[in-house]
Amino acid sequence: MRVVIAGGHGQIALKLEKLLSARGDQAVGIVRNPGHIADLEAAGAEAVVLDLEKSDVDAVAKMLDGADAAVFAAGAGPGSGTARKDTVDRAAAELFAAASERAGVRRHVQVGSMGADKWETADVPDDFRIYLKAKKAAEDDLRARDLDWTILRPGQLTDDEGTGKVLIAESTGRGPIPRQDVAAILVALLDAPSTAGRVLEAISGDTAISQAFSAL
């Protein structure tokens, strides 16, 4: 499987690339900083330098040509400012989804955010509300597209070792989850076309990732 990953140098993306490479898949990470190429190659991935904030549909679709799946795992990140929360978390996600359509890559997995559907009433700081609004707009855009999409909303991300045990449902409630387990869930989603058209939340739990989708 050839999987193109937006935000290829992110913490979750690097773990995802390593998992895909270890099982023989071809992971391709999109990065905007050439200095990140070595980190992707160390994870077993091919790096493509492309700035999603300054690109267009045709250029991104070219990067997606021949892919079996696309994963949007990019994010402006903490301290990025409100403008980039829109240009990355919303606009880049929409561009990547449009490029998937253009390139004919039907399987499309997007990393969302818990609370995005309640951004207007969330009791959070203003900058985080803007982030949630951007994530919700990106979700709405993806849901309207002719793609086999799945949106994964992980809980509070930690750097703990993955346990391989999770709770996945349309609504899980708040809770933590290691980034390693999120990456493993993304791999499992790529192998589970039955999850297309679903918005799923994920936190640490008691069910093995390999069995989590059968309970949905």
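Student: Where in this predicted model is Lys54 found?
Tutor: Start with the two elements on either side. One is strand S3, residues 46-49, and the other is helix H3, residues 57-64. Lys54 is found between them, in the S3-H3 loop.

Student: Is Lys54 buried or exposed?
Tutor: Look at the relative accessible area of Lys54, which is 73%. The cut-off for exposed is over 50%. Lys54 passes that cut-off, so it counts as exposed.

Student: What distance separates the C-alpha atoms of Lys54 and Arg23?
Tutor: Along the chain, Lys54 and Arg23 are 31 residues apart.

Student: Ala59 is next. Is Ala59 buried, partly exposed or exposed?
Tutor: Ala59 has its place in helix H3. Its relative accessible area is 26%. Buried needs under 20% and exposed needs over 50%. Ala59 falls in between, so it is partly exposed.

Student: How are Ala59 and Lys118 placed in space, C-alpha to C-alpha?
Tutor: In sequence, Ala59 and Lys118 are 59 residues apart. Their C-alpha to C-alpha distance is 34 Å.

Student: At what angle do H3 and H4 pack?
Tutor: The axes of H3 and H4 are 8 Å apart. The crossing of these two helices is right-handed. H3 and H4 pack at an angle of about 60 degrees.

Student: Which residues of H4 meet H3?
Tutor: On the H3 side, the residues are Val57, Asp58, Val60, Ala61 and Leu64. The residues of this contact divide into 9 nonpolar, 1 polar and 2 charged. On the H4 side, the residues are Leu95, Phe96, Ala98, Ala99, Ser100, Arg102 and Ala103.

Student: How many aromatic pairs does a search of the whole structure find, and is the pair of Phe72 and Phe96 stacked, tilted or edge-to-face?
Tutor: The search finds 1 aromatic pair. The ring centres of Phe72 and Phe96 are 6.0 Å apart, and their planes are at 50 degrees. Stacked needs under 30 degrees and edge-to-face needs over 60.

Student: Which parts does the pair of Phe72 and Phe96 tie together?
Tutor: The two residues are 24 apart in sequence. Phe72 lies in residues 69-72 and Phe96 in residues 82-103. The pair therefore ties together strand S4 and helix H4.

Student: Are Phe72 and Phe96 buried or exposed?
Tutor: Phe72 has 1% relative accessibility. Phe96 has 0%. The cut-off for buried is under 20%, so both Phe72 and Phe96 count as buried.

Student: Where does Ala183 lie, and is it buried or exposed?
Tutor: Ala183 lies in helix H6, residues 179-190. Its relative accessible area is 0%. That is under the 20% cut-off, so Ala183 is buried.

Student: Which residues does Ala183 touch, not counting residues up to four places away in sequence?
Tutor: Helix H1 spans residues 11-22 and packs with H6. Ala183 is one of the H6 residues that meet H1. The residues it touches are Ile12, Lys15, Leu16 and Leu19.

Student: Why is H1 oblique to H6?
Tutor: The axes of H1 and H6 are 8 Å apart. Angles under 35 degrees count as roughly parallel, and 65 to 115 as roughly perpendicular. H1 is oblique to H6 because the packing angle is about 55 degrees.

Student: Is the crossing of H1 and H6 left-handed or right-handed?
Tutor: Among the residues that meet are Gln11 and Leu20 in H1, and Arg179 and Leu190 in H6. The residues of the contact divide into 10 nonpolar, 2 polar and 2 charged. The crossing of H1 and H6 is right-handed.

Student: Is Thr172 buried or exposed?
Tutor: Thr172 lies in the loop between strand S8 (165-169) and strand S9 (176-178). It touches Met114, Leu167, Glu201, Ala202 and Ile203, leaving out residues up to four places away in sequence. Its relative accessible area is 15%, under the 20% cut-off, so Thr172 is buried.

Student: Which residues is His36 in contact with, leaving aside its neighbours within four places in sequence?
Tutor: His36 is found in the loop between strand S2 (26-31) and helix H2 (37-42). At 24% relative accessibility, it counts as partly exposed. Its contacts are His9 and Val31.

Terms used
Residues are numbered from 1 along each chain as its sequence is written. This is a predicted model: local features need pLDDT of at least 70, side-chain atom pairs count only at pLDDT 80 or more; totals for chains, interfaces and linings use all residues. Side-chain values use heavy atoms; hydrogens and water are left out. Helices (H or I, at least four residues) and strands (E, at least two) are DSSP runs, numbered from the N terminus. Buried means under 20% relative accessible area, exposed over 50%, partly exposed in between (1.4 Å probe, protein chains only). Contact means heavy atoms within 4.5 Å. Axes are lines fitted to C-alpha atoms, for helices over the stretch in contact, and angles run from 0 to 180 degrees between N-to-C directions. Angles under 35 degrees count as roughly parallel, over 145 as roughly antiparallel, 65 to 115 as roughly perpendicular and the rest as oblique. A crossing is left-handed if the near helix is turned anticlockwise from the far one by less than a right angle, and right-handed if clockwise. Ala, Val, Leu, Ile, Met, Phe, Trp, Tyr, Cys and Pro count as nonpolar, Asp, Glu, Lys and Arg as charged, and the others, Gly among them, as polar. Rings of Phe, Tyr and Trp (its six-membered ring) pair if their centres lie within 6.5 Å; planes under 30 degrees apart count as stacked, over 60 as edge-to-face and the rest as tilted.
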